Amino acid sequence: MSRLLDNMNPQQREGVLSVDGPVLLLAGAGSGKTRVITHRIAYLIEERGVAPDSILAVTFTNKAAKEMGERVDHLIGHSSLARPLISTFHSLCVRVLRRDIEALRVNGVGLTKSFAIYDETDQQAIVKTALKRLGFDDKQLKPRVALGRISWAKNHMIDPQEYFLASTNPLEERIAHIFKIYRDELAKNNAMDFDDLLLETVRLLKTSKETREKYQKRYRYLLIDEYQDTNRPQYELMRLLSGEHGNVCVVGDEDQSIYSWRGADIKNILDFEKDFSDTKIIRLEQNYRSTQVILEGAGSVVRNNTQRKGKELFTTREGGSLIGFYEAPDGENEALFVADRIQTYIREVTSAGETPKCAVLYRTNAQSRLVEESLRRYNIQYHMVGGFSFYDRAEVKDMLSYLKLVQNPHDSIALNRVVNSPPRGIGKTTMETLERIALTTGMSSWDAIERVAAEQLLPARAITALTGFRRLILDARAMLGPGFGDALAADAGLTTEEPTAEFVGEEENASASDANEDTSFDTSFNFGFDFGPSEERSTIAPENSQIEDADTSFDFSFEPTTPAAPEEAPQPSVAFNPFEASNNAAQKRSSSDKFAELRAMAAPVVDSTAPLATSARIDGFRAPGDPATLPELIKFLNDRSGYLKILEAEGTPEAFSRMENLKELANAAQDAQERGETLSDFLDHAALVSDADGINMDARVTLMTLHAAKGLEFPLVFLCGMEEGLFPSSRTMQDPAGLEEERRLCYVGMTRAMDTLVMTRARYRRRYGSDMPDATVASRFLEEVPSRLVEDLGSPADRPSFRADTGYGGYGGAYGKKWPRKGGDDFGGERHYSYEDEDQSGAAPPPKPKSNFGLQFGASKKAVATGA
Ligand code: ATP
Ligand code: MG
């Protein structure tokens with residue numbers, strides 16, 4: 001028997017061995033699903049003689065992909081030249097599109113291979129400009145909300161016109177207009193957002209038989225991890241790729257489906273059996289990760305969900321320490337408690353000669369601040385996943401924008417970002433003029449500069465500044481060899497139409513870009529694709545405005561009344577009768593008005609994208625006259641743009657750290673260079689690295705959101721902020737399906753723990769920087785853990801120093817007098833959060849508690865539970 005099957009239980013073996021035909025492996029957390037995937041890949045290569053590069057494995061994060069690759073290398077004992085492709089969905093799509101997207105071009109219209117990838121910041125920039133252009137107030141309609149709707153529409157194959165027709169209130173109509181501008185801008189800039197990467201790949205494979213067959217032949221064995229979190233386009237992609245052979249193995253756990261807000265669809269599991277006949281279904285029942293206590297605790301939480309098939313896991317790791325619970329008076333003290341525990345843990349583990357490894361998990365990124373502060377106070381090093389990642393730093397984004405312009409000068413978003421960064425005296429009026437030209441003629445800002453210079457449309461100083469900038473980019477392009485320069489020269493005559501309006505001095509709604517604004521605190525998030533949702537809360541439209549800060553998902557509650565999304569390509573908008581949807585107050589305008597607007601929206605998209613050369617390969621060795629290397633290019637841009645000089649002159653620690661970041665980017669470029677990457681590869685990589693990639697597996701303490709923790713394991717796990725409204729998040733509390741998803745998230749969090757799990761909550765938590773923290777209510781998930789599995793850690797009398805540090809006590813003294821103490825004090829004595837002890841049998845879950853418990857300082861839970 002193959003050594004690859006050693007230490008595998010019979011079901012796992014079956015998962016490894018059943019390599020022909022479709023396999024659906026559904027099993028709970030920690031049961032070895034990911035392990036089956038790596039062993040299966042190794043088995044295919046070693047025992048079945050399958051060519052490594054005909055294997056395609058898809059995982060959820062780049063980090064997971066990298067790890068999987070390492071594990072496979074380790075299993076097969078060597079890393080051969082041909083390797084399996086282990087990738088995320090998005091990286092896979094970029095790979096396919098960079099090669100074959102031009103098969104989608106019709107009559108010279110459509111994106112070219114050198115397309116740019118727009119992240120959240122870029123997307124927001126477009127939406128903000130669109131809002132200004134349309135004279136809308138971005139306070140009433142937040143760009144993030146608009147983007148959420150646009151994403152929703154795109155994933156349902158609804159185009160702006162259809163969206164407009166289906167809209168039943170002014171807000172939706174606005175969004176339709178923004179959607180139209182957004183889509184046109186992307187086309188004009190030869191750019192795609194993350195949704196497009198998937199949707200366009202699906203469209204490409206559907207439309208081009210030749211391309212489809214090429215990839216079907218290429219990848220004979222498909223494997224997908226975390227299958228429960230795939231959305232519809234991902235599912236379609238998998239189906240298109242698996243084609244005839246149907247050698248697809250998907251593994252997942254419906255109890256860990258935590259991305260439905262992003263379109264992940266449980267139907268993908270149900271349809272799998274339908275779409276692939278003779279699917280072999282394998283279930284794993286042994287958990288190898290966690291102790292029995294943890295497993296039971298997590299199981300009794302998720303058991304409260306109705307939307308599940310129901311499965312039981314067992315572990316041979318009997319017993320284990322009880323699940324710790326700590327109820328702090330406030331957020332600061334909660335964080336200090338965690339730091340204190342971690343300090344003890346590290347000390348103990350280190351003195352036993354072992355390596356400590358633990359994680360602090362929370363629902364929203366914002367919660368990390370307090371934990372970070374307290375870890376710093378304790379001098380404990382930590383690694384934080386998410387938040388402000390390297391590629392989100394303003395200076396790094398600036399330099400990447402320079403590189404994007406070198407790659408594709410028509411990228412107006414990149415141009416707007418750096419045309420005056422560092423300052424070149426290009427002001428608002430200049431930018432407004434450029435934008436107006438771009439708007440009226442459909443040309444890119446890059447071409448608009450040329451027009452402005454040729455026709456002297458601006459004062460000489462502005463023209464000098466603009467042409468100087470243009471020269472810089474052209475010189476950088478020239479460094480990359482003739483391919484770049486030629487393409488651009490050829491492109492110079494490609495400006496589209498003549499201006500149709502007199503743009504200089506004309507007053508329109510067009511306005512300057514944000515290029516002149518201070519972008520130093522530009523906190524973009526990586527538009528959720530393979531690491532988890534944006535943890536910045538989605539803003540709520542005024543209609544249903546509601547204050548929530550625990551929300552991490554887009555508000556998709558809005559769904560225009562549209563016809564069912566077409567299965568195949570988008571249908572022409574005439575398929576839908578606008579009058580059907582017009583019995584709404586917002587539609588009292590005459591239908592002819594609406595048709596006029598619609599006609600305007602249907603105006604053709606001007607394709608001013610240049611068929612630029614894809615980047616010339618940049619080799620490690622360079623004779624004089626050879627193309628520049630990536631680091632050389634970055635150095636040139638740093639120097640010639642004046643960026644470094646300005647930072648140097650500033651001389652502040654902040655400026656210094658920015659310079660360090662630019663150097664780090666050059667290091668990254670050096671690595672890329674050594675891997676033989678092109679400029680385009682390098683930019684793709686920067687666009688695709690997600691926050692979750694920042695996970696440093698060697699870190700002793702890792703801080704991250706619950707979403708980012710998927711698939712990982714740690715001996716010690718803290719789950720913080722177990723409060724109603726925070727976790728479960730307030731926006732899900734009225735929605736049974738949303739609530740079940742939160743509960744699954746809780747299950748994911750709890751099952752990350754191998755040996756010890758500690759859950760904490762704060763009795764008061766400050767929200768929105770208000771003076772007075774709000775009283776909180778214990779999370780219902782806490783109540784769902786049987787109390788016999790729980791140990792109360794809330795005797796902080798021996799740690800009074802926490803309080804001394806926090807500077808608290810100023811607000812009313814509702815709780816500020818004493819620490820909560822077991823056995824009764826002004827906090828209500830015993831704070832066991834499970835009302836009943838009867839859940840020994842694992843039978844029916846206890847009835848839901850009245851959830852105002854957290855407010856009752858005087859009454860113990862026991863008293864409430866027994867009706868006293
Ligand atoms: P999740 O649902 O959290 O993604 P999973 O089902 O993918 O979990 P793995 O991460 O593959 O589970 O495995 C969990 C742990 O159990 C790992 O440390 C793995 O090495 C270990 N493990 C899995 N199967 C076995 C086995 N047969 N013998 C020993 N250890 C195992
Ligand atoms: Mg896994």
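Helices here are DSSP runs of H or I with at least four residues, numbered from the N terminus. With that in hand, welcome to a short tour of this predicted model.

**Figure 1. Valine 748 in its helix.** Valine 748 sits in helix α27, which covers residues 736-750. Is this valine buried or exposed? Valine 748 counts as buried because 24 C-beta neighbours lie inside 10 Å, and the cut-off for that label is 20 or more. Once neighbours within four places in sequence are set aside, the contacts of valine 748 are Gln256, Ile258, Leu706, Ala709 and Lys710. A pairing to look for in this view is valine 748 with serine 257: their C-alpha atoms are 8.9 Å apart in space, although 491 residues separate them in sequence.

**Figure 2. The whole chain, for orientation.** Before the next close-ups, here is some context. The protein chain has 868 residues, 50% of them buried, and its secondary structure comprises 30 helices and 16 strands. Take the contacts between residues at least 6 apart in sequence: 80% of these join residues at least 24 apart.

**Figure 3. The shell around ligand 1.** Which residues come nearest to ligand 1? They are Gly32, Lys33, Thr34, Arg35 and Tyr288, out of 18 residues around the ligand. By class, the shell holds nine polar, five charged and four nonpolar residues. Helix α2, residues 33-46, is the element that gives the most to this shell, with three residues.

**Figure 4. Helix α3 and what covers it.** Helix α3 runs over residues 62-76, and its 15 residues reach 21 Å from the first C-alpha to the last, close to the 21 Å expected at 1.5 Å a residue. Its buried residues are Asn62, Lys63, Ala64, Ala65, Met68, Gly69 and Val72. The cover over these buried residues includes helices α2, α4 (89-100) and α26 (679-688), along with strands β2 (55-59) and β3 (85-88). Just past the end of α3, look for glycine 77, whose phi is positive at about 75°.

**Figure 5. Helix α8, mostly covered.** Helix α8 takes in residues 170-188. How many of its 19 residues are buried? The count is 15, leaving α8 mostly covered. From first C-alpha to last, α8 reaches 27 Å, close to the expected 27 Å. Asparagine 190 follows α8 and has a positive phi, near 55°.

**Figure 6. The crossing of α5 and α6.** Helix α5 (residues 120-133) packs against helix α6 (residues 143-155) at an angle of about 105°, and their axes are 9 Å apart. The two helices are therefore roughly perpendicular. On the α5 side, the contact is made by Gln123, Gln124, Val127, Lys128 and Leu131, and α6 contributes Pro143, Ala146 and Leu147. Five of these contact residues are nonpolar, two are polar and one is charged.

**Figure 7. The crossing of α18 and α19.** Here helix α18 (residues 428-441) meets helix α19 (residues 445-454), with an angle of about 110° and axes 9 Å apart. That angle makes α18 roughly perpendicular to α19. Thr433, Leu434, Ile437 and Ala438 form the α18 side of the contact, while Ser445, Ala448, Ile449, Arg451 and Val452 form the α19 side. Six nonpolar, two polar and one charged residues make up this contact.

Technical notes: Residues numbered from 1 in each chain as written. Chains lettered and ligands numbered in written order. Predicted model: local features only at pLDDT ≥ 70, side-chain atom pairs only at ≥ 80, totals over all residues. Near = placed C-beta within 6 Å. Nonpolar A, V, L, I, M, F, W, Y, C, P; charged D, E, K, R; others polar. Axes fitted to C-alpha atoms, helices over the stretch in contact; angles between N-to-C directions. Parallel < 35°, antiparallel > 145°, perpendicular 65-115°, else oblique. Contact = placed C-beta atoms within 7 Å. Expected span 1.5 Å × (residues − 1). Buried ≥ 20, exposed ≤ 12 C-beta atoms within 10 Å, placed from the backbone.
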